[in-house]
Amino acid sequence: MPSDTRVEEALDRATGQRREEVAELLDLFEEVAQRPPVVWADRIVGFGQYEYTYDSGREGIAPEIAFASGAKHTLYLVEGFAERWPDLLDRLGPHRTSTACLYLTRLSAVDRDVLREILERSLATVRDGREADR
């Protein structure tokens, strides 16, 4: 859920080089999403939002794309992105993945153009799915 935490407050939790990288992520995500940032759960910086319903009937809202920074940068993407676009991940640079998260230790080590394409594809997939549900 969106929180009352200010974006700068969430970003300022990162320090040093990581803080500079978080500012770069903010600019990139804003440019791709064309939506203002909103803080979710007091630490996740999200862009846009959509409603979802699981097969179990559980419902909720989530950001279309988002990121958080701690020991690493965690990017929240469409579920199954790694299986959808392995070609992009092969070209990205050092990373780890889970079902819907992309983990980057250092932004400086990844190909920014590839990262942008991953974000664009993830966002388009979420938005296309939302339109298909209507």
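Which residues of H2 are buried? I looked this up first, keeping in mind that the model is predicted. My list reads Arg18, Arg19, Glu21, Val22, Leu25, Leu26, Leu28, Phe29, Val32 and Ala33.

**Entry: length of H2.** I checked the span of the helix next. With 18 residues at 1.5 Å a residue, H2 should span 26 Å, and its end C-alpha atoms are 26 Å apart, so the two values agree.

**Entry: salt bridges.** How many salt bridges does the structure hold? I find eight. I went through some of the pairs one by one.

*Arginine 19 and glutamate 8.* Their closest N and O atoms are 3.0 Å apart, and the two form a salt bridge. Arginine 19 belongs to helix H2 (residues 16-33) and glutamate 8 to helix H1 (residues 7-11), so this pair ties together parts that are eleven residues apart in sequence. Glutamate 8 has 38% relative accessibility and therefore counts as partly exposed, whereas Arg19 is on my list of buried residues in H2.

*Glutamate 64 and arginine 127.* I read 2.9 Å from N to O for this salt bridge. Glutamate 64 sits in the loop between strand E4 (59-62) and strand E5 (65-69), while arginine 127 is in helix H5 (residues 112-133), so the parts tied together are 63 residues apart in sequence. Is glutamate 64 buried or exposed? At 2% relative accessibility, glutamate 64 counts as buried.

*Glutamate 117 and arginine 121.* Here the closest N and O atoms of the salt bridge are 2.7 Å apart. Both residues are in helix H5, and because they are four residues apart, about one helical turn separates them. Glutamate 117 is partly exposed, with a relative accessible area of 26%. Arginine 121 is partly exposed too, at 27%. I also noted that salt bridges with shared partners join Glu8, Asp12 and Arg19 into one network.

**Entry: positive phi.** Where does glutamine 34 lie? I found it in the loop between H2 and strand E1 (37-40). Just after H2, glutamine 34 takes a positive phi of about 55°, and this is a residue other than glycine. Its relative accessible area is 58%, so I marked glutamine 34 as exposed.

Alanine 41 went into the notebook as well, with a positive phi near 50° in a residue other than glycine. I placed alanine 41 in the loop between E1 and strand E2 (44-47).

Key
Residues are numbered from 1 along each chain as its sequence is written. This is a predicted model: local features need pLDDT of at least 70, side-chain atom pairs count only at pLDDT 80 or more; totals for chains, interfaces and linings use all residues. Side-chain values use heavy atoms; hydrogens and water are left out. A salt bridge is a side-chain nitrogen of Lys or Arg within 4 Å of a carboxyl oxygen of Asp or Glu. Helices (H or I, at least four residues) and strands (E, at least two) are DSSP runs, numbered from the N terminus. Buried means under 20% relative accessible area, exposed over 50%, partly exposed in between (1.4 Å probe, protein chains only). The expected span of a helix is 1.5 Å times one less than its number of residues.
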